[in-house]
Amino acid sequence: MALRNIRINDDPILRKVCKPITEITPRIRELAQDMLDTMYDADGVGLAAPQVGVLKRIVVIDVGEGPITMVNPEILTSDGEQTGSEGCLSVPGKFGIVTRPNHVIAKYYDLDMNEQTIEGTELLARAIVHELSHLDGDLYIDHVEGELHDVSELSEEDGSGE
């Protein structure tokens, strides 16, 4: 297990467009595992490669149904709407209200370069859109409705903690 440093909001790498992955090498496999380890250690549900300083099109997600590693992902369709609290490991201690699609279908490649399709609703849809946005230098704070809030305010409002 290797934990990587998570880049924080003012790091310019978070605003760059990532390059496609053309082949799965041992380094890409190691990156994917490191990203999962880092995400779990930080209690996140998703992590994109630029968040650990790598400009490659790869994300990892786990909304409680097991890990998903997506190489060169793209959203095929999205519909519906959900508005709710959203945070990011690269913007620690903050959250904001963001509207996202409630349903998405995305295609990606797995770590054997087999094309896969995933359909997500609610939290999974939100996580897919959030993480794929990172690959194009787009952060959730660009879409917050109103102000960013401290996570402690969320805890007070609904008693859930983080």
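**Legends: cysteines and salt bridges**

**Cysteine 88 and the closest cysteine sulfur.** The sulfur of cysteine 88 lies 13 Å from the closest cysteine sulfur, that of cysteine 18, which is too far for a bond. This is a predicted model in which local features need pLDDT of at least 70 and side-chain atom pairs count only at pLDDT 80 or more, while totals for chains, interfaces and linings use all residues. Residues are numbered from 1 along each chain as its sequence is written, and side-chain values use heavy atoms, leaving out hydrogens and water. The structure holds zero disulfides (pairs of cysteine sulfur atoms within 2.5 Å). Cysteine 18 is in no disulfide. Cysteine 18 is buried, at 5% relative accessible area, and cysteine 88 also counts as buried, at 11% (buried is under 20%, exposed over 50%, partly exposed in between, with a 1.4 Å probe and protein chains only).

**Arginine 15 pairs with aspartate 142 in a salt bridge.** The closest N and O atoms of arginine 15 and aspartate 142 are 2.6 Å apart (a salt bridge has a side-chain nitrogen of Lys or Arg within 4 Å of a carboxyl oxygen of Asp or Glu). The two residues are 127 residues apart and link distant parts of the chain: arginine 15 sits in the segment before helix H1 (26–41), and aspartate 142 in the loop between helix H2 (122–134) and strand E8 (149–150). Helices (H or I, at least four residues) and strands (E, at least two) are DSSP runs, numbered from the N terminus. Arginine 15 is partly exposed at 39% relative accessibility; aspartate 142 is partly exposed at 40%.

**Arginine 29 meets aspartate 112.** Their side chains form a salt bridge of 3.2 Å, N to O. Arginine 29 belongs to helix H1, whereas aspartate 112 lies in the loop between strand E6 (103–109) and strand E7 (115–121), 83 residues apart. Arginine 29 is partly exposed, at 39%, and aspartate 112 is exposed, at 55%.

**Arginine 57 meets aspartate 136.** The salt bridge between these side chains spans 3.2 Å, N to O. Arginine 57 is in the loop between strand E1 (46–48) and strand E2 (58–61), and aspartate 136 is in the loop between H2 and E8; the pair, 79 residues apart, links distant parts of the chain. Arginine 57 counts as buried at 14% relative accessibility, but aspartate 136 is partly exposed at 42%.

**Glu86, Arg100 and Arg126 form one network.** Salt bridges that share partners join these residues. A search of the whole structure finds eight salt bridges.
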